[in-house]
Amino acid sequence: MIVSAYFSHRNTHWYKPGTEAWAHQERLRQVPKDEGLALEIAYSERYLRPLMTWDFSMPHVLELKFEEVTARPYESVLRMFAFLGLLDEAEWPWWQQLIDTPRFVWNRLTRRWGGFGRWPRHRIPAEKLLGIVHALQFARLARRPKGQEDPTSHYRKGQPGDWRNHFTEEHVALFKERYPGLLVRLGYEPDENWSLTPRVVSEAG
Amino acid sequence: MLYVYFGHHKCASTWIHEIIGQVCREAGLQKRLLVDPLTPHTHGPLTDYRRWDIRREELGAYLTRERVDFACCITADRAHVEGLGDVPFRGFHVIRDPRDIIVSAYFSHRNSHPTEGLPHLAEHRRRLQAVSKEEGLLLEMDFSAQELRDLGEWPYGHPDIRELKMEDLIARPYDGFLQIFEFLGLMDWEGDYPARRRVANFVRRMLNRLSFRHPLLRRLRRPIPITGEMLLGRVWDHRFEKKARRRKGEEDPRSHYRKGQPGDWRNHFTEEHVAAFKEKFPGLVEKLGYSWDSSIVPSLT
């Protein structure tokens, strides 16, 4: 999140001049990357602090990791909608499609005037949902395959573990000092002894 | 352009072929299944259940004459590719860990695979049911030997054929099928379809489906590009949980969709089986990109 926030706050977002976020962006643009990342570690406290106190055991809230959602987008979105009870898992017979196709086209049209007169369908057929995810994925991935970087795009890289390419030991220390135990809590590290060099996983599988 | 799926016995070929069939029906493409009924034991003439004597050398000419758009060769070998000759085509080839093929074939030949019109398989089943699992697995290695040799002799690296592992395809089916159809050049992006095109596309899909109901309705057929919804919806229809009415990894030895878990051979092979396999098929596991090393789990990237 820190690395992603650094690039996005520095390059792609637009802020109203005079605001705190704008001042942060101006500072990031003036200093080298190492210093910028250190500034970002402090600035992002407003986003990371809520994660430290979040209750991860709420039965009516599905917990997902960003890394999982980007690695398996179709399965993840199906899980989200199924959990919310918004997924229609039943067959989608042709006569139902005959009703639903004009309905979906009409609903898209109503967005132009603010959605007045729309014709809601409480649960979405899986096929339709997958088609929507594909349309969005395609738009995002069309220009460059996953893992390739464009620092000025809002969808810069999306590769898990990218922080290792940007952090120094100094950043690691700063992060641990400001957010003690956060990575363990979120399930990204087994203990606080993480560093720039990845752990050697000894057990198989 | 001809599109070809090259598959093998026990490499999810029923599943892949059914999905392709449904997608082709909506897209208005003529699909044809080609099987060697003597698989996996030996080679014989191919059949598409209309003609029973299609020779591999005349495959390209036959498919062109029959105006097939999408051929599903689910008992593929090198001679299929050579038989296509200079017919322009794009295809994909799905393989599986050969040790899992043996285990899967053992259970399927012993319990669930239909034996109608397959006397060699009926006899094999009688033999498998008479012996222990240990002995049965050894028998299966001999029975399926031809298929494993076909896998070893396959022309890997062909520029018009995309190579895939079944393990990757069942772990991430939506991405896998999208990759396949994008490689074949059949995908279209519906994101910028205007309202009229969305409705027209739906009507076209319905008419295409209808056109396969009766030969007289053939005139209704117009091939259209495949959208994400058309493809992924069919993958969803064929999800493992629905086909098998179980979750992936749970086992029902009598079902055609028995388990669907990669590396299952470790639960069934003994040291003796490992030695026999290495002797009968030297270097095959490594050639197909798998490993004997237990710390390397099949790639699920």
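This talk walks through a predicted model with chains A and B.

First, the conventions. Residues are numbered from 1 along each chain as its sequence is written, and chains are lettered from A, with ligands numbered from 1, in the order in which they are written. Since the model is predicted, local features need pLDDT of at least 70 and side-chain atom pairs count only at pLDDT 80 or more, while totals for chains, interfaces and linings use all residues.

Let me start with chain A. It holds 10 helices and two strands, where helices (H or I, at least four residues) and strands (E, at least two) are DSSP runs numbered from the N terminus. Their order from the N terminus is α-α-α-α-α-α-β-α-β-α-α-α. Of the 205 residues in chain A, 11% count as buried. A residue is buried if 20 or more other C-beta atoms lie within 10 Å of its own, exposed if 12 or fewer, and partly exposed in between, with C-beta atoms placed from the backbone.

One residue as an example: A:Gln96 sits in helix α7 of chain A. It has 14 C-beta neighbours inside 10 Å, so A:Gln96 counts as partly exposed. From C-alpha to C-alpha, A:Gln96 is 48 Å away from A:Lys16, and the two are 80 residues apart in sequence.

Next, where the chains meet. 20 residues of chain A are in contact with 20 residues of chain B, contact being C-beta atoms, placed from the backbone, within 7 Å. On the chain A side, α7 (94-110) and α8 (126-141) each supply at least two residues. The largest share, nine residues, comes from α8(A). By type, that side has 11 nonpolar, five polar and four charged residues. Here Ala, Val, Leu, Ile, Met, Phe, Trp, Tyr, Cys and Pro count as nonpolar, Asp, Glu, Lys and Arg as charged, and the others, Gly among them, as polar.

Now the interior. A nonpolar core is a set of buried Ala, Val, Leu, Ile, Met, Phe, Trp, Tyr and Cys residues joined through C-beta atoms within 7 Å. The largest one has 68 residues, of which B:Cys73, B:Val94, B:Phe181 and B:Leu231 touch the most other members. Helix α1 (residues 13-27) of chain B gives the most to this core, seven residues. Apart from it lies another core of seven residues, including A:Ile2 and A:Tyr6.

Which helix of chain B is largely enclosed by the rest of the structure? That is α11 (residues 228-237), because nine of its 10 residues are buried. Among them are B:Glu229, B:Arg234 and B:Trp236.

Finally, two helix pairs in chain B. The axes of α9 (residues 173-184) and α11(B) come within 10 Å and cross at roughly 140°. Axes are lines fitted to C-alpha atoms, for helices over the stretch in contact, and angles run from 0 to 180 degrees between N-to-C directions. α9(B) is therefore oblique to α11(B). Angles under 35 degrees count as roughly parallel, over 145 as roughly antiparallel, 65 to 115 as roughly perpendicular and the rest as oblique. The residues of this contact are eight nonpolar, no polar and no charged.

In the other pair, α6 (residues 133-143) and α13 (residues 271-280) of chain B pack at about 10°, with axes 11 Å apart. These helices, α6(B) and α13(B), are therefore roughly parallel. B:Leu137, B:Leu138 and B:Met141 of α6(B) meet B:His273, B:Ala276, B:Phe277 and B:Lys280 of α13(B).

Methods: Two residues are in contact if their C-beta atoms, placed from the backbone, lie within 7 Å.
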